[in-house]
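Please report on the cavity, the sheet and the aromatic contacts of this model. Give the cut-offs along with the values.

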Amino acid sequence: MGYHPRIETNEHADFITSRTRNSKLWFVNNKSLEVATLGALAKYSKRYNITLYAFGVEGNHIHSVMQVNERNRGHFMRDLKSSIAKAIVRNVPSYPGGSVWGRRYSNEFLPGDADVENWFFYTVLQPVQDGLVEKISDYPGYNCFHDAVWGIKRKYKSVNWTAYHDALRWDPRANIRDFTEFYILEYARLPGYEELSQREYAVLMHKKLEERRQEIVAKRRAEGKGFAGRTALIKTRPGSRPRSTKVSTRDCHRPRILSVCPNRRAEATMWYFDIYFEFKTASKSYRDGDQTVVFPEGTYRPYVPPVGTI
């Protein structure tokens, strides 16, 4: 079974996940890798006009909650994942080589403001949900919550390593500073809270975070589950495998729409499948040789091998 077709849209926000090959823990205890990852995020969110709500890094995967404003999610994820993969190679001495990512990224659409908020908290509270720490303040890795709710902007550098190494071939004295740019990483306020002051917004988000955190902790305790704790996480070796992790294949069912409202989810699902079936019809005609067929807006034409190559 093939992957579902990509649909580029600015009508709905996205929840995006990318996981490492074999779920190995490359994003642990490595400040230089964290800085490089956030530098790439700042660079490409600016280049592709992405509105970021949340970004999470946990051991073997990354999450993004974002709004794509120019229907270029594919280009953004291509460049972001490529830059992060190269950063792992540069910054993790034990990395053995080969592909970093397990497969292509997954994305689910968030059709409403409440859905964006729900998966914002899902992202920032993931270290608690996964039993790593009881409070996100104990998590040794990156968490965007503080910056996102207080509107804090941070500057990160991004080095054009390809251009720098090309320059070194002709000039051993090439200065890396000439190939370094700086970008601002910033998160947008969740939609629906525009009327609040920055302090009012931050205080409210902290209150909501704590309520959700307590619910997660209580549920884990009721199930007899504990938390690994900060000390254990700091001892984790890069490249090791987690004791347990989510496992899925390309054939696994994945919802196309994530929503806390059944009616909104049903409406967005109908929107998705209207485009999906229109794409399937156009794709069949295109594969049968009709080069003039019109594809639905926001979809990509399938690859068709040149005549005589198959």
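A cavity is a set of points, on a 1 Å grid over the protein atoms alone, where a 1.4 Å probe fits but cannot get out; lining residues have an atom within 4 Å of a point. Grid points are joined across faces, edges and corners, and a volume is the space filled by probe spheres set on the points. By this rule there is one cavity of 30 Å³ or more.

The model is predicted: local features need pLDDT of at least 70, side-chain atom pairs count only at pLDDT 80 or more, and totals for chains, interfaces and linings use all residues. Residues are numbered from 1 along each chain as its sequence is written, and side-chain values use heavy atoms, with hydrogens and water left out.

**Cavity**

The largest cavity holds about 70 Å³ of space. It is lined by 14 residues, and Gly-56, Val-57, Thr-123, Pro-127 and Tyr-142 are the closest to its centre. Helices (H or I, at least four residues) and strands (E, at least two) are DSSP runs, numbered from the N terminus. At least two lining residues come from each of S2, S3, H3 and helix H4 (126-129). S2 gives the largest share, four residues.

**Sheet**

Two strands pair if DSSP finds at least two bridges between them. Four strands form an open, antiparallel sheet in the order S2-S3-S1-S4. Strand S2 (50-58) and strand S4 (106-110) are the edge strands, and each pairs on one side only. Neighbouring strands are turned by 15° against each other on average, direction ignored. The axes behind that angle are lines fitted to C-alpha atoms, for helices over the stretch in contact; angles run from 0 to 180 degrees between N-to-C directions.

Eight bridges join S2 to S3. Phe-55 has Ser-64 in S3 as its bridge partner. The hairpin of S2 and S3 has two residues between the strands, and Gly-59 takes a positive phi near 60° there. Strand S1 (residues 13-19) and strand S3 (residues 61-68) are joined by six bridges. Here Asp-14 stands opposite Met-66 in S3.

Buried means under 20% relative accessible area, exposed over 50%, and partly exposed in between (1.4 Å probe, protein chains only). Eight of the nine residues of S2 are buried, so S2 is largely enclosed by the rest of the structure.

**Aromatic contacts**

Rings of Phe, Tyr and Trp (its six-membered ring) pair if their centres lie within 6.5 Å; planes under 30 degrees apart count as stacked, over 60 as edge-to-face and the rest as tilted. The structure holds 18 aromatic pairs. Two tilted pairs are set out below.

| Pair | Centre to centre | Angle between planes |
|---|---|---|
| Phe-27 and Trp-101 | 6.1 Å | 35° |
| Phe-120 and Phe-145 | 6.2 Å | 40° |

Both pairs link distant parts of the chain. Phe-27 lies in the loop between S1 and helix H1 (31-47), and Trp-101 in the loop between helix H2 (73-91) and S4, 74 residues apart. Phe-27 counts as buried at 10% relative accessibility; Trp-101 does so at 12%. Phe-120 sits in helix H3 (residues 113-124) and Phe-145 in helix H5 (residues 145-150), 25 residues apart. Phe-120 and Phe-145 are buried too.

Ring pairs also link Phe-109, Trp-271, Tyr-272, Phe-273, Tyr-276 and Phe-277 into a cluster.

A charge sits over a ring if NZ of Lys or CZ of Arg is within 6 Å of the ring centre and within 35 degrees of the ring normal. Arg-6 lies over the face of Tyr-105, 3.9 Å from the ring centre. Arg-189 has its charged end over the ring of Tyr-201, at 4.6 Å from the centre.

Key:
1 Å grid on protein atoms, 1.4 Å probe; cavity = no way out; pocket = protein on both sides within 12 Å on 5 of 7 lines; lining within 4 Å.
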